[in-house]
Amino acid sequence: MAGKGWFGLPFFSLTPRPEVVSCVLSGGGSRLSFQLGALEYLYEHDEQFRPSIFVGTSAGSILASSLAQSGRREEQVEYLRMLRRIWDEMVQPSDMFTPRPWFDRLSTEGPQWLELMRPLVTTPKPTPKPRPALLPFLRGSAVSPASPVSPDEPPLNPLELALTADPEEQVRSEWSLATLSTIATHLGHIPRLGNDLNTIAKGLESTKSMYRPGPVLVELLQPETFDPARTAASGTTLRIAMVALESGELRFMTEQGKLVDRDNQPLSEESHDLTVGVLASCAIPAVFRPVPIGSETYVDGGARENLPAELAIGHLGAARNYIVSSQTSGVQHRGSMANADLVSVVTRSTEILIDEAGRDELAYAHSAGSIVIYPELTVHDSMTVDPALISINEAYGWLRAAEVHLRLDEEAEARHRRIIESRLRCLQAERDYLAAEEPGRRRRNALRSAKTELRDAVRSASGVPLPPGADEWWRNWERRAEPVDLDPPWLAS
């Protein structure tokens with residue numbers, strides 16, 4: 001039974017078992033790299049990190065399920081190494097997010113369609129139609145310009161922009177000899193356009209997702225890598241989070257393939273395939289197809305809890321809880337979005353919503369006295385698959401775990417942050433240098449300067465823990481899909 005703590009959420013278990021350790025792993029897509037680095041440090045340097053309870057959501061459910069295949073610490077380390085090897089083999093986004101054929105066609109053909117249709121429609125200048133205002137601040141014109149059309153015409157205020165109706169005919173065709181010429185030129189492509197749109201509509205309806213899991217996820221769920229029977233027999237406790245679309249409820253699948261609610265109460269005695277449960281936990285809405293299990297259809301557990309610490313801390317009885325999140329606290333500042341399109345507004349709002357929920361989950365974990373490891377610096381986003389960024393994020397996870405485990409001071413943390421920021425600058429300088437057909441002195445000097453800065457940052461952190469091989473980072477090219485067959489120019493005298 002759990003007591004009530006922060007904001008009424010389950011707090012410490014009333015009867016925690018001193019020898020029991022839990023490990024909670026958040027979602028985060030390709031940012032699982034951060035957690036891989038953090039866990040590598042914990043298994044190697046923290047003797048108290050001997051988890052027998054694993055709770056995960058989304059990408060974290062892959063990691064949790066794999067580690068839960070054994071109750072022995074040494075074997076968990078082997079599973080971790082296997083996962084990192086597979087993760088490090090990714091070289092492009094399609095390795096993790098493979099586009100559905102309909103979405104791939106839309107992505108590649110869409111710009112050409114827009115170019116084909118552009119001459120056929122234009123946005124004419126609005127003709128004001130005098131009419132009485134329905135509200136005192138509404139003007140006679142039905143048009144709401146985004147900016148003044150003349151010095152004498154002030155911009156509409158926000159309330160007016162929101163409530164003024166759109167014009168009855170905002171877009172209409174305007175025919176001319178040039179338009180007819182364009183149509184004649186592209187006439188042969190129009191039947192294809194119809195076929196493509198039909199294919200896209202049918203694909204969207206049947207697949208209900210833009211992507212399917214890529215070869216990396218398929219490999220992670222192969223029997224050699226993950227076997228539900230091993231997990232069920234390991235003696236460990238496993239909970240992977242998912243959300244039912246029909247009821248909207250957060251559910252967890254156990255190591256035995258049974259479903260429990262957020263209070264760890266069983267929903268039925270029916271058992272399910274744990275591999276299917278992992279797929280459901282990773283089913284990011286619209287990105288991957290929802291997964292039917294029993295009488296309901298499930299999507300990514302992050303839709304409700306991206307960091308499912310509540311279950312581990314409040315209900316599973318561990319006395320020592322490690323919370324490892326790959327989600328950065330805070331969102332990156334962006335420029336003005338006053339003229340942003342619909343998709344950009346929705347995407348940005350979702351980022352903010354997820355960040356706010358993540359802050360609450362981290363605050364709860366901290367309030368419960370957990371060991372909490374999370375990034376303060378964004379290395380890459382959840383759908384970026386880049387070998388160099390993955391490598392840098394793994395190192396960052398290792399460093400952040402060291403900071404928490406050793407309780408390093410702010411000065412040491414600042415040194416670590418400087419190292420990661422220096423590696424990111426080196427990566428950009430490398431890209432600029434390699435992208436130039438004939439890199440000149442300016443790019444060469446910029447690359448040399450960035451690498452020297454990284455060298456000095458690592459040397460200045462000699463008094464704090466660093467990942468193996470850190471002193472060689474500045475000497476080498478960052479990892480790439482295609483290795484660079486070029487001697488590092490910054491090492492030349």
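Student: How do you know which parts of the model to trust, and what is the average pLDDT?

Tutor: The average is 81, and 74% of the residues score at least 70. pLDDT is the predictor's confidence on a scale from 0 to 100. Helix α1 (residues 32-45) has the highest mean among the elements, 97, whereas strand β1 (residues 2-4) has the lowest, 43. Over residues 1-14 the pLDDT is below 50, although this stretch has 38 contacts in the model beyond near neighbours in sequence. Residues 168-175 also stay under 50, with 17 contacts beyond four places in sequence. Where pLDDT is low, the predicted coordinates should not be read in detail.

Student: Which positions does UniProt mark as "active site"?

Tutor: The UniProt record, an unreviewed entry, places that feature at Ser 58 and Asp 300.

Student: Why are these positions said to gather at one spot?

Tutor: They span 243 residues in sequence, yet no two of their C-alpha atoms are more than 5.7 Å apart, so they gather at one spot. Of this set, Ser 58 is taken in by the lining of the largest cavity.

Student: Why is Ser 58 called buried?

Tutor: Buried means under 20% relative accessible area. Ser 58 has 6%, so it counts as buried. Ser 58 lies in the loop between β4 (53-57) and α2. Beyond its neighbours within four places in sequence, Ser 58 is in contact with Gly 27, Ser 281, Cys 282 and Asp 300.

Student: What makes the phi of Ser 58 worth a remark?

Tutor: Its phi is near 55°, a positive value in a residue other than glycine. Most residues other than glycine have a negative phi. Ala 286 is another case, with a positive phi near 75°.

Student: Where is Ala 286, and why is it called partly exposed?

Tutor: Ala 286 is in the loop between α10 (274-281) and β10 (291-293). Partly exposed covers values between the buried limit of 20% and the exposed limit of 50%. Ala 286 has 46%, so it is partly exposed.

Student: Is Asp 300 buried or exposed, and where does it lie?

Tutor: Asp 300 is found in strand β11. Its relative accessibility is 7%, so it counts as buried. Not counting residues up to four places away in sequence, Asp 300 touches several residues, among them Thr 57, Ser 58, Met 242 and Cys 282.

Student: Why is Glu 305 called buried, and what does its side chain join?

Tutor: Glu 305 has a relative accessible area of 7%, so it is buried. A polar contact of 3.0 Å joins its side chain to that of Arg 262. Glu 305 sits in the loop between β11 (296-300) and α11 (309-315). Leaving aside neighbours within four places in sequence, its contacts include Thr 57, Leu 250 and Glu 361.

Student: What makes helix α2 mostly covered?

Tutor: Nine of the nine residues in α2 (residues 59-67) are buried. Among them are Ala 59, Gly 60 and Leu 67.

Methods:
Residues numbered from 1 in each chain as written. Predicted model: local features only at pLDDT ≥ 70, side-chain atom pairs only at ≥ 80, totals over all residues. Heavy atoms only, no water. Helix = DSSP H or I, 4+ residues; strand = E, 2+ residues; numbered from the N terminus. Contact = heavy atoms within 4.5 Å. Buried < 20%, exposed > 50% of the residue type's maximum accessible area, 1.4 Å probe, protein only. Polar contact = N/O pair within 3.5 Å; in protein donor to acceptor, adjacent residues only side chain to side chain. UniProt positions renumbered as here; feature names shortened; annotations may be inferred. 1 Å grid on protein atoms, 1.4 Å probe; cavity = no way out; pocket = protein on both sides within 12 Å on 5 of 7 lines; lining within 4 Å.
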